[in-house]
Amino acid sequence: MELQKFSYDNRMTRNFAIATIVWGVVGLLAGLLIALQIFIPAMNFGLEFTTFGRTRPVHTNAVIFAFVGNAIFTAVYYSLQRLLKTRMYSETLGKIHFWGWQAIIVAAAVTLLSGFTVGKEYAELEWPIDIAITLIWVVFGWNMFGTILQRRTSHIYVSIWFYIATWVTVAVLHIFNSLAVPVSFMKSYTLYAGIQDALVQWWYGHNAVAFFLTTPFLGMMYYFVPKVSGRPIYSYKLSIVHFWSLIFLYIWAGPHHLLYSSLPDWLQALGTTFSVMLIAPSWGGMINGLLTLRGAWDKVRRDPILKMFVVGITAYGMATFEGPMLSFKTVNAISHFTDWTIGHVHIGALGWNGMLTFGMIYWLVPRLYNTKLYSIKLANIHFWLATLAIVFYAVPLYIGGITQALMWKQFTPDGFLMYPNFLETVTQLIPMYTIRAFGGALYVTGFLILVFNIVKTIQAGSFVAEEEAQAPALHSESELKTQSETWHRFLERKPIRFLIFATIAILIGGIVEVIPTYLIKSNIPTITSVKPYTPLELQGRDIYVKEGCYNCHSQMVRPFRSETERYGEYSKAGESVYDHPFQFGSKRTGPDLAREGVKSGKLYKPNAWHYNHFVDPQKMNQASIMPKYPWLAKKEIDIQSTPAKIRAMKVLGVPYPDNYEQQAIVDLKAQADSIAKDLGANGIQTNSNREIIALIAYIQRLGVDISNKPLKK
Amino acid sequence: MYKETLNSILNVEVYAIIGFFIFFTFFIFVSIQAYRMKKEEVDQISQLPLEDSVSGDIKTGNENK
């Protein structure tokens, strides 16, 4: 058979690898910063751009989309060419993909710190950036499928199936979760409201974990573990079952993020069921990865790269066992809203994503630069630092999370809450937060050692931009399934058909979950007393979203006695029908706010208290860890944006009266004046056009609508 | 309260059951397909990541000792 000569393009692989390292430093340092901010309020620096509510999304976005994202592209641009024995389809598309993605990351960092956010976790970016992501993702897909179609191998290896599933699912998730009505450039309201928004968001959120942090890394695992160990994958048959079960099941599991919330019960049960079933394919993948190293354990002992892979895959196994456990309602009742969840995700992020990425970088860079790794010893030190770091990071959060949950739930023999003051349960955690930050610092140190090691390696080598290769041309194949091949074997040489089947597999779960909530849209028990927000409250809500309050405060009282005792009536689906976006939150670093405005409630505070508390929380509670928000008392409400916001809300179906847009400004000013007057009566002189007034109006509205009136259908 | 929400959709739970059966059937189908693959074929495919190109690999220092 005639051999064709061609060359692999290493430039994009190199670019993405360097971007991975650069954004890794940024993302990890941002993580260390927020780990310190959470127990040292002074670390927020008193600036709006550096408070926790804004820096935490920067950390999550930087790690997920910048660090892990670039690592995925590094792996794809390297392995795709070699697995298909062809060059990448287009250098131009590669360049657009690379620079476009980096531009998006920079835009994300700048806008998030400036307070432009949609207010949905891991999907915070505003609509123009969302559109840019979609376009760049299409460019990536175009380049990938172009490459697959010009391949010289008949068979498409399992890694590539995972890349295909990643591409299609992320596209679907991103588009549907980002649908919004723009109010202006850089401000929009999400299309969905309340529990629907929550369901779509966590369908997205959970599958961002599945299809951004998991499937592409499984693709990496199936390529790099055999590559580095020099052994074929343990069981190729298992990988087929693993692949289809995993992508089919994952998509259903999202509702486990909303257990005990006002999400319909059957959906919660569905989320739990499929989450538990997920153990099987997840562990199938883990076992397949680990057993690939059977008989090569002497190699593992010597090679830091294989050690990193082993810890990474083990962390994957632990996290995918823990995940289903956390989705049992009984466990979730304890874990949810606490630091346990944070510990859980970091086993995945630091262990699985981090370790696999480090291993890949240590293996790849010397090859791209035709040299040896500068120091194996330093790589070993990095391995040990990172492994210890994971322990120091996660263990205190497990202890802290469980401790806090038990304190929340503890009653005295007389039937009162043992720790009625939420702050008491927070101060308990400070030592744990300190140890966690130490773990984070260890991890960052290890990564900086990687940076040094890689820089030295690059300096010693010379970059191989074009790597010569040759392979036989792909002989023409039967369009139809031949007698001898199985259905799956046939599918594996038909990439487009493969894409379609993978898409169907992931859509089934999404459709079954989301469609019924559309059907019930008109049937969410409308509570007649629940009314749209006043214009001032709406502006206040936007400030609440802008400052990222949802990063630390939930608005979802679960139906437990310990919660109704502490906060008041549990949350109903009908309460949030005008909430674009929903603000249920996922973590209670501070108390739940769903009943904050109820005058007869346990948490009610007068306007003056809120004013002083926003400006300086430590003045009101010495032990408080909340950042100060003094600028809220200085900055003016953007009153002129009100008509556009009301108009957008009306488009979304919020029942404001006809032609209310202009009246809205008058109403806003009147309500603001009354709050300013009340503050004045309590010794606080302030102009009524300040942001703090709007935020107080919103906070005082929370829970008010249903507090006095009975539930009506 | 949940029942109230879903009164209008009769037996909404059936969605979950159908979902499970779709998955289960599919799972069995894929498992049989995988099981029926020929050994030589499987071995050949498994080798794909290990054979980068016919011209051989660039040397690196990673194979340490």
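This is a predicted model: local features need pLDDT of at least 70, side-chain atom pairs count only at pLDDT 80 or more; totals for chains, interfaces and linings use all residues.
Colleague: Let us begin with helix α13 of chain A. How far apart are its end C-alpha atoms, and what span should its 30 residues have?

Modeller: Helix α13 covers residues 339-368 of chain A, and at 1.5 Å a residue it should span 44 Å. Its end C-alpha atoms are 40 Å apart, which agrees.

Colleague: Where does α13(A) bend?

Modeller: The bend is at A:Gly354 and amounts to about 30 degrees.

Colleague: And what is found at the two ends of this helix?

Modeller: At the start of α13(A), a side-chain oxygen of A:Thr338 comes to within 3.1 Å of the backbone nitrogen of A:Trp340. Just after the helix, A:Asn370 has a positive phi of about 50 degrees.

Colleague: How many residues of α13(A) are buried?

Modeller: The number is 27 of the 30, so the helix is largely enclosed by the rest of the structure.

Colleague: Turning to chain B, which residues form the nonpolar patch on the surface?

Modeller: The patch consists of B:Val14, B:Ile17, B:Ile18, B:Phe20, B:Phe21, B:Ile22, B:Phe24, B:Ile28 and B:Ile32, and together they have about 770 Å² of accessible area. One of them, B:Ile32, is found in helix α2 of chain B, residues 14-35. B:Ile32 counts as partly exposed because its relative accessible area is 45%, which lies between the limits of 20% and 50%.

Colleague: Which residue forms a salt bridge with A:Glu563?

Modeller: Its partner is A:Arg588, and the closest N and O atoms are 2.8 Å apart. A:Glu563 lies in helix α20 of chain A and A:Arg588 in the loop between α20 and α21, so the pair ties together parts that are 25 residues apart in sequence. Both A:Glu563 and A:Arg588 are buried.

Technical notes
Residues are numbered from 1 along each chain as its sequence is written. Chains are lettered from A and ligands numbered from 1 in the order in which they are written. Side-chain values use heavy atoms; hydrogens and water are left out. Helices (H or I, at least four residues) and strands (E, at least two) are DSSP runs, numbered from the N terminus. The expected span of a helix is 1.5 Å times one less than its number of residues. The bend at a residue is the angle between axes fitted to the seven residues ending there and the seven starting there. Buried means under 20% relative accessible area, exposed over 50%, partly exposed in between (1.4 Å probe, protein chains only). A polar contact is a pair of N or O atoms within 3.5 Å; within protein, one must be able to donate a hydrogen and the other to accept it, and residues adjacent in sequence count only if both atoms are side-chain atoms. Patches are made of residues with over 30% relative accessible area and no salt bridge: like charges are joined within 9 Å, nonpolar side chains (Val, Leu, Ile, Met, Phe, Trp, Tyr) within 5 Å. Accessible areas come from the Shrake-Rupley method with a 1.4 Å probe; for residues, only the protein chains shown count as cover. A salt bridge is a side-chain nitrogen of Lys or Arg within 4 Å of a carboxyl oxygen of Asp or Glu.
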